[in-house]
Amino acid sequence: MAHKPSFMPRLEPRGHASPSMVYLTPLLALVVTLLAGGLLFQVLGFNAPEALYTFFISPLTTAYGLGELVVKATPLALCAIGLALGFRGNVWNIGAEGQLTFGAIFGGGVALACYDMEGWWILPLMVVAGMVGGMLWGAIPAFLKTRFHASEILVSLMLTYVATLILSLLVHGPWRDPEGFNFPESRIFSDSALLPVLLAETRLHFGALFALAAVVGGWFIIARTFVGFQIKVMGLTPAAGGYAGFSQRKVVWLSFLVSGALAGLAGVSEVAGPIGQLQPTVSPGYGFTAIIVAFLGRLHPVGILLAALLMALSYLGGEAVQIGMGLPLAVTGVFQGMLLFFLLASDVLIRYRVRFGRPQQEAKA
Amino acid sequence: MSIELLDATALLLVAMMRAAVPLALAALGELVTEKSGVLNLGVEGMMLTGAVAAFAATVSTGSMTFGLLAAMLAGMAMALLFGFLTLYLLTNQVATGLALTIFGIGLSAFVGQGFVGQTVEPMAAVSLGALSQIPLIGKLVFGQDPMVYLTLALTGVIWWFFARARAGLVVRAVGESPHAAHAIGYPVRLIRLGAVLFGGACCGLAGAYLSLVYTPMWVEGMTAGRGWIALALVVFATWRPWRALLGAWLFGGITIIQLHVQGMGVDLPSQVLSMLPYLATIVVLVLISRDSTRIRLNAPASIGKVFHPEG
Amino acid sequence: MGMFKGTRLAAVAAVLAGLLGGAATAQAADPLKVGFVYVGPVGDLGWSYQHDVGRKALEAHFGDKIKTAYVEDVAEGADAERVIAQFGQQGYDLVFTTSFGFMNPTLKVAKKFPKTKFEHATGYKTADNLGIYDARFHEGRAVIGTIAGHMTKTNVIGYIGSFPIPEVVRGINAVTLAARKVNPNVQVKVIWVNSWYDPGKEREAAETLIAQGADIITQHTDSPAAVQVAEEKGVWAFGQASDMAKFGPKRLLTSIIDDWSGYYISRVQAVMDGKWKAETTWGGFKAGMVKLGALNPAIPADVQKAAMDVKTGIEGGTLDPFAGPIKDQDGKERVKAGAALTDKDLLSMDWYVEGVQGKLPK
């Protein structure tokens, strides 16, 4: 029985990561997605090549579209880079959405307080306030984790709902636009409180540069600083980290403060950028989507940047096929899910190779 | 206490237990999955798929039993996809679970297109004649819908499974130390797949409770975030079944109490009252977490980590 | 620079499109292109669902002469502007944006695409190519308030609110005024669920209201959950947005139905005839934008007549649901006898009339 040949595919560890596969697997995933997606669209009675073109290419054919891609990717990348730092150290911040919301509240609060003022200092103050807001909201799970051992997963998630309700309370009440017929929106921020647009005729705003700075900064922390090293060690083996004198407490605090600040920055960039005011909802779930983006980017800032762009494209593409071809949003969701599955699954080839037949040792035995 | 007050209290408790059913079912399923060392964040997606499958099957066949079966199968199919990806293609569990939710939201909306606006007969509550008429305990103990009893029974069975059954011990061992379990000769991946599938079936049932019993209808996204609360409840419960049920009662109970407070015309913004279930869960978690050693004993050590038999 | 980049990419795209085939479609006759932006999924069975019913009615009415498209579940944040702009870029002739939160994005996009005509629902900002429209749902609420005032035995009406915005507050006040006109002892209890649709929570709110003595439930949320609870518990209910009779065959008294079909058809016709102008439309029963479902036969004949009198009175302009005297919660007279609230007052309503329990957040 042991000698019976088997053609079942199985995975054999490579021992080390394959450098070529690091770059090849996303391409492979994309090809598989195109094939499977094409099949899906065709089966549903849509012209597959047209659908794929509309989904992946048409959003990128204008300067406006490219600007939108970056606008959509900016909050995803900002949140995901902060989260990745924590995930590397086994700190599970699930509540970037709440921290983003608090960044919007703090930054937007400054904008409303300075509504009648002008000055170059308003925007920097808003940005700082937004980051502080995100950090404060991130500090709560960090404090409860380090002081009372309360799971940061639960606390950060629950606080997301609380943050949204606080924003709702503010825009339904005291922060309503006084000339706005009591509708739940703040005033539109004054020009001094709006992020400059980088490219005329698009919405590409200054927040994109924050995201780029976060990529560079995140890379620097992870690859070049002792703190980044500490986080990595803590993530791999908490015990070893402990022996080496690192404190888990410090890693938890650092992760939450950094990811809170970046999520807060994303929040203030949204309200001072494309939205331009405070509303009951400032994010369509960027904080949650950023968790996937962080892993798709393999927790590496450059990878995250690419993943954020791809994720953004998948939203833009979804809108394009709805408008252009009448493909319902439901199909887009299914397709998006497939794309993510393929991307995640293909990563296995980095560390494992596919083999057919039985492992050597077993065959000998 | 007057009879009226007793009855009012009983009604409140009945409402609380019913509100807790979808949370508890999903949390119990996820608890079993996590005990085996796998973290599936796709609960919301599996619940929605279960909800639409239950509704579609019941409308098409006229049988609620088929509906419940379909929900379990749909949840399991989603879980199978997740299990295949995470256990055999070794994908990251957190990301795969979130992707499963995106996929499930889309899939359920797609399948449900033709079912929006249709109706099914709601599941009748159990009625034991005179027994159900006893003040306070009548409705509470003898007059609930069958799924409430099922949830209680399931909690007991899962508790027994992990505390007393040999198989439960094996699942726990796989969750604690998959390499050791593998070395002893247990099929780690198959056991984990089983736990993942069980979780999917429970999430499917949780969705079915919403679309067949609680609010018998199909509307897109009708779980409205309950899957996320269920995930939080597993952590809240520190992976203990009875505590998961208590957590669901706490969350459901405070949700209903805040609605009662609003109805009494208390001068507090509704947003503040709506925060209470979330805040209360955090406060209680802090109170029970202070003794960290007990949590560490319950948390599956290998949770979320990729396992491959050859290292 | 930006232009150049755009053109180059467009050229590349055209080549790619040729290679992939089928993407470059030529249109023989130019149908009028009509776009819709929805805030919820079309499967929400409420607000967005009803707008999509209107879109389908357009297609049925005009056939090949128009082409419609929609984007559903568009978040009221940065996404809205992009989606609306895409319709503009693709040369759509008429675009309906159907949620209050789309107001400022629609205004921004309308300025950029002067050739496209825009219509925004439930807002207040206009431009040369941006009209606004809304329905006077409170007219329907005055009718159901009349029925409720007659039918209640406990004198407690339960009201499930979504968010405390003027439109919802207006509805609560309309029900309360109408009910107290026929039954001065009526009190209205309000519970906010802080969501437009979460069937489970709407159910819990309805159960709570019934436990607190309400024998009539009405709601300003999307799903029929409250109607189901009323059917189960044997109290009365009203439908919202669509005809919800099948969710409460015995206990549903009637439904207030949003009907956008006629309005959409007339606006598209206006564009075809070259007569479209940016207008402000706030239509009710008379315009056919608000309709009433069938009355439950369980409603006594005299109550049915009272309800229909209110409806015909509103249609004929002889009855104003917000005619004075109106006192607010604190007993202060807000509207004198002989006067009435203006549309502007109604649009920004943020106070409860006498008879509503609870306080509005300020």
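Helices H1 and H6 of chain B run roughly parallel to each other, because their angle falls in that class (angles under 35 degrees count as roughly parallel, over 145 as roughly antiparallel, 65 to 115 as roughly perpendicular and the rest as oblique). H1(B) spans residues 3-35 and H6(B) residues 146-164, and the two pack at an angle of about 25° with axes 9 Å apart. Axes here are lines fitted to C-alpha atoms, for helices over the stretch in contact, and angles run from 0 to 180 degrees between N-to-C directions. Helices (H or I, at least four residues) and strands (E, at least two) are DSSP runs, numbered from the N terminus.

The model is a predicted one, in which local features need pLDDT of at least 70 and side-chain atom pairs count only at pLDDT 80 or more, whereas totals for chains, interfaces and linings use all residues. Residues are numbered from 1 along each chain as its sequence is written, and chains are lettered from A and ligands numbered from 1 in the order in which they are written.

Two residues are in contact if their C-beta atoms, placed from the backbone, lie within 7 Å.

In an unreviewed UniProt entry, the annotation "transmembrane region" covers several spans of chain B, including 244-262 and 268-288. UniProt positions follow the numbering used here, feature names are shortened, and annotations may be inferred rather than shown by experiment. Residues 244-262 of chain B are 100% helix and 0% strand, with end C-alpha atoms 27 Å apart; for residues 268-288 of chain B the span is 90% helix and 0% strand, and the ends lie 29 Å apart.

Turning to the interfaces, the contact between chains A and B takes 38 residues from chain A and 39 residues from chain B. H13(A) gives the most to the side of chain A that touches chain B, with 12 residues, and that side has 28 nonpolar, eight polar and two charged residues.

Chain C itself is assigned domain 1 (30-135) and domain 2 (137-256 + 291-347), with bounds from an automatic or database domain assignment. The domain centres, taken over C-alpha atoms, are separated by 29 Å, and 10 residues of domain 1 are in contact with 10 residues of domain 2. Helix H2 (residues 47-62) of chain C gives the most to the domain 1 side, with three residues.

Two backbone details complete the picture of chain C. A cis peptide bond, with omega about 0°, joins C:Gly324 and C:Pro325, and C:Pro325 sits in the loop between helix H10 (301-316) and strand E13 (326-327). C:Asn155, although not a glycine, has a positive phi of about 65°; C:Asn155 lies in the loop between helix H5 (137-151) and strand E6 (156-161) of chain C.

Conventions. Ala, Val, Leu, Ile, Met, Phe, Trp, Tyr, Cys and Pro count as nonpolar, Asp, Glu, Lys and Arg as charged, and the others, Gly among them, as polar.
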